[in-house]
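Please have the sequence and the model open while reading.

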Amino acid sequence: MAAAGQEQTVSDYIVHHLTNLTYGKLPEGFERYDGETVAAGGQWTFAHGADEIAAMGFNAIHVDSLGWSIGLGIIFCALFRWVAVRASAETPSGLINFIEMIVEFIDNQVKDTFHGNNKLIAPLSLTIFVWVFLMNLMDLIPVDVVPELMMLAGVEYQKIVPSTDPNITMGMAIGVFVLMLFYSIKVKGFGFVKELTMNPFNHWAFIPVNLFMEVVGLLAKPFSLGLRLFGNMYAGEMIFILIAALFSAGIFWLLPAALLQIGWAIFHILVITLQAFIFMVLTIVYLSMAHEDH
Amino acid sequence: MNINLTIIGQILAFIAFVAFCMRYVWPPILAAMEERQQKIADGLAAADRASHDLELAQKEAVDRLSEAKKEAASIVEAANKRAATVVDEAKVAAVAEADRVKELASAEVEREKAQAKEQLLTQVSALAIAGAEKVLAAEIDADKHAALLEQLVKEQ
């Protein structure tokens, strides 16, 4: 927990845990944490502290979030591809059975909600569900383990739960939003414009009002999708960090903190599954709405 | 909590993973599952058919058995009847044969009795003629009286 050689407050501890490992471009003339000034043309480097991250602005990458996210995505692909290669009409066993159970569950969900013929929705839902679940699952790894190991390896920050990073959740939500727009235009054509302008008041005089309301409603969808997941996971992670901070409050706090830790972790098993499921179901529902012609 | 290039990276990763899943994961798994479903459905249908066939076969077996039993019973009955008639016929034939043999025998006896009687009469008449010959040797001409006696025998 303690950074080498300096007094650390609980607030430092929390901030440290909530800071991403950021690789980005510092602007020209920026004075760095060690007093150096960034040379002309800017400098790509790992950020030290919140000031540098703020200075980097959009030209930065959360190496930890994106790394864990892609890593988990690769685990998902590898695992399911492994099963896909071995899946046959014979009696399934063990892992294959489990994976097929997930696939069947997703397939049923999609069939229940989405009535069109679209070969993308089901694999999309499967990817979202399993990937988001895996990202959320990182939340159950004790908050200090990976960051401490990383600090031993010389990496200052490490945030291992990708879904506590709005970039990750909003990235997926924007992906879904683009698909919504694509299918709305593809399926409805001009009907999509009509849907935006002639609802809920079916009169030409109300077109500005309708357009405003419908666009707000439309834009709310990706935000609700991405920020719901982010909010839930961020809050969950925050509570894990607070409970972890409680361990340092004194010997009498050990037992209550441990109990809280276990209780919250057990409850969180439900939360992470539920959030992955909600993200998937809403994706199906939104895309289903994009396919429905009024 | 800054929005930065990470979001672009995540969108690209998202597209890549979904594309991979759509191309290499979903179709084979679903195909295998559907194939298995078909196989199970076929198996169940076959089992249904088999049990139906079994039922039919059992019914037919029972039918055949009762038919065979009926047939056997009728055969036994016919045989019994036939045996009775054979016995009756044999009895009648035996009685008839016995009657015939008896008749034959009594006819023979009758015939032999008649023959014996005739013989006896012939002998008696011969003896009488002989006696009478002896008695009447002197005065009676044998040839002359023989014809007379012959006639007498015939009249008897």
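What pattern does chain A follow, read along the sequence? The pattern is α-β-β-α-β-α-α-α-α-α-α-α-α. The model is predicted. Chain A holds 10 helices and 3 strands. Its C-alpha trace spans about 65 × 60 × 40 Å along the principal axes. The points below follow helix H7 of chain A, residues 166–188, through its contacts, then turn to the second largest pocket.

**H7(A) against H1(B)**

- H7(A) packs on helix H1 of chain B, which runs over residues 6–136.
- The angle is about 50°, and the axes lie 8 Å apart.
- H7(A) and H1(B) are therefore oblique to each other.
- The crossing of H7(A) past H1(B) is right-handed.
- H7(A) brings Asn167(A), Ile168(A), Met170(A), Gly171(A), Met172(A), Ile174(A), Gly175(A) and Val176(A) to this contact.
- H1(B) meets them with Thr6(B), Ile7(B), Gln10(B), Ile11(B) and Phe14(B).
- By class, the contact residues are 8 nonpolar and 5 polar, with no charged residue.

**H7(A) against H9(A)**

- Helix H9 of chain A covers residues 207–246.
- The axes of H7(A) and H9(A) come within 8 Å and cross at roughly 150°.
- Angles over 145 degrees count as roughly antiparallel, so H7(A) and H9(A) are roughly antiparallel to each other.
- This crossing of H7(A) and H9(A) is right-handed.
- On the H7(A) side, the contact uses Pro166(A), Thr169(A), Met170(A), Ala173(A), Val176(A), Phe177(A), Met180(A) and Leu181(A).
- The residues they meet in H9(A) include Leu218(A), Lys221(A), Pro222(A), Phe223(A), Gly226(A) and Phe230(A).
- The contact residues of H7(A) with H9(A) divide into 15 nonpolar, 2 polar and 1 charged.
- Met170(A) and Val176(A) are among the H7(A) residues that meet H1(B), and both are also among those that meet H9(A).

**H7(A) against H8(A)**

- Helix H8 of chain A spans residues 190–197.
- H7(A) and H8(A) pack at about 110°, with their axes 5 Å apart.
- H7(A) and H8(A) are therefore roughly perpendicular to each other.
- Leu181(A), Ser184(A), Ile185(A) and Lys188(A) make the contact from H7(A).
- Phe190(A), Gly191(A), Phe192(A) and Glu195(A) make it from H8(A).
- Those residues divide into 4 nonpolar, 2 polar and 2 charged.
- Leu181(A) touches H8(A), and Leu181(A) is also one of the residues that meet H9(A).

**The second largest pocket**

- The second largest pocket holds about 300 Å³ of space.
- Its lining has 16 residues.
- Asp107(A), Asn118(A), Lys119(A), Ala122(A) and Trp26(B) lie nearest the centre of this pocket.
- Helix H4 (94–113) and helix H5 (121–137) of chain A, together with H1 of chain B, are the elements that give two or more residues to the lining.
- H1(B) supplies the largest share of the lining, 5 residues.
- The lining of the second largest pocket divides into 9 nonpolar, 3 polar and 4 charged residues.

How values were computed: Residues are numbered from 1 along each chain as its sequence is written. Chains are lettered from A and ligands numbered from 1 in the order in which they are written. This is a predicted model: local features need pLDDT of at least 70, side-chain atom pairs count only at pLDDT 80 or more; totals for chains, interfaces and linings use all residues. Side-chain values use heavy atoms; hydrogens and water are left out. Axes are lines fitted to C-alpha atoms, for helices over the stretch in contact, and angles run from 0 to 180 degrees between N-to-C directions. Helices (H or I, at least four residues) and strands (E, at least two) are DSSP runs, numbered from the N terminus. Angles under 35 degrees count as roughly parallel, over 145 as roughly antiparallel, 65 to 115 as roughly perpendicular and the rest as oblique. A crossing is left-handed if the near helix is turned anticlockwise from the far one by less than a right angle, and right-handed if clockwise. Contact means heavy atoms within 4.5 Å. Ala, Val, Leu, Ile, Met, Phe, Trp, Tyr, Cys and Pro count as nonpolar, Asp, Glu, Lys and Arg as charged, and the others, Gly among them, as polar. On a 1 Å grid over the protein atoms alone, a cavity is a set of points where a 1.4 Å probe fits but cannot get out, and a pocket is an open set with protein on both sides within 12 Å along at least five of seven lines; lining residues have an atom within 4 Å of a point. Grid points are joined across faces, edges and corners, and a volume is the space filled by probe spheres set on the points.
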